[in-house]
Amino acid sequence: MRKVEVLSHQIEWADMFQEECQKIKTVFKDEILNVFHIGSTAIPNIKAKPVIDIMVEVTNIKNVDHYNIPLEQLGYEALGENGIPGRRFFKKGGDNRTHHIHFFEQGNEEINRHLTFRDYMREHPEEALRYSQLKESLAEKFPNNIERYIEGKNDYIKEVDYKAAKWRRDLKPH
C-alpha cells in the first residue's frame with residue numbers, strides 16, 4: 001500500500017532532479033527539447049510528497065515508446081498515457097516512489113499548464129503556503145488513501161490553474 005506522506009521542503013530535491021535529468025538525457029539524447037522540474041518538490045518552502053516530478057518535452061511523443069526498456073533499466077515502470085491523452089508516464093520506486101517522468105510532445109498545452117502552475121506558486125508564496133497546508137491536512141486525513149488525497153487537491157489545483165493562467169496572460173505585453 002502506498003502511504004501518503006508530505007515532508008518539509010528538502011534542498012536535495014533539486015540535486016535529485018539534476019541527477020535523474022542527466023540519466024534521462026543520456027538515454028534520449030536528441031529526442032529531448034527540454035527537461036523541467038515540476039510538481040511540489042520544485043516549489044521552495046512547501047511540503048511535498050518526496051517524489052521528484054520531471055517533465056520532458058520531446059519532438060515526437062510516439063518515439064518515447066521505443067525507450068521503455070532503457071527506462072526500465074533505470075528503474076522506471078512504463079504506464080502509457082495514464083489518464084492524460086498525449087502523455088507518456090513513468091514511475092520509479094513502486095509503492096515507495098522516488099520519481100515520476102511525464103513526457104509531452106512540443107506544443108502540448110499540459111507543458112504550459114504545469115510550468116505556469118509551478119512559476120505562479122514560486123512567485124506567490126502565500127498561495128504556495130495555502131497549498132502546502134491543504135496537502136498536509138489531506139495527508140493527515142488520508143494517510144493510506146492516495147486516491148482521496150489526490151481527489152482532495154483537485155478543486156484547489158483547478159482554482160490555481162485559473163489564477164495562474166490569468167497571471168501569465170497579464171505578464172505578457174499586449
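Select helix α5, residues 125–141, in this predicted model. The helix has 17 residues. From first C-alpha to last, α5 reaches 24 Å, close to the 24 Å expected at 1.5 Å a residue.

Now colour its buried residues: Glu127, Ala128, Tyr131, Ser132, Lys135, Leu138 and Ala139. Look down the axis of α5. The buried residues fall within an arc of 140°, so they line one face of the helix. An α-helix has 3.6 residues a turn, so residues three or four places apart point the same way. Turn to the other side of α5, where Glu126, Glu140 and Lys141 are exposed.

What covers the buried face? Show α4 and α6 (146–171), which are among the elements covering the buried residues of α5.

Stay with α4, residues 109–123, and pick Glu109. Is Glu109 buried or exposed? Glu109 counts as exposed because its relative accessible area is 53%, and the cut-off is over 50%.

Next, the largest nonpolar core, with 21 residues. Select Phe28, Val56, Ile101 and Phe103, which touch the most other members. Two or more residues each come from α1 (12–28), β1 (32–38), β2 (52–58), α2 (61–64) and β5 (99–105). The largest share, six residues, is from α1.

Zoom in on Ile101. Beyond its neighbours within four places in sequence, Ile101 is in contact with Ile24, Ile54, Val56, Leu71, Tyr76, Arg88, Phe89 and Phe90.

Last stop: a second, separate core of twelve residues. Select Ala128, Tyr156, Val160 and Ala164, which are among its members. Ala128 is also one of the buried residues of α5.

Notes: Residues are numbered from 1 along each chain as its sequence is written. This is a predicted model: local features need pLDDT of at least 70, side-chain atom pairs count only at pLDDT 80 or more; totals for chains, interfaces and linings use all residues. Side-chain values use heavy atoms; hydrogens and water are left out. A nonpolar core is a set of buried Ala, Val, Leu, Ile, Met, Phe, Trp, Tyr and Cys residues joined through side-chain atoms within 4.5 Å. Buried means under 20% relative accessible area, exposed over 50%, partly exposed in between (1.4 Å probe, protein chains only). Helices (H or I, at least four residues) and strands (E, at least two) are DSSP runs, numbered from the N terminus. Contact means heavy atoms within 4.5 Å. The expected span of a helix is 1.5 Å times one less than its number of residues. The arc is that of the directions from the helix axis to the C-beta atoms.
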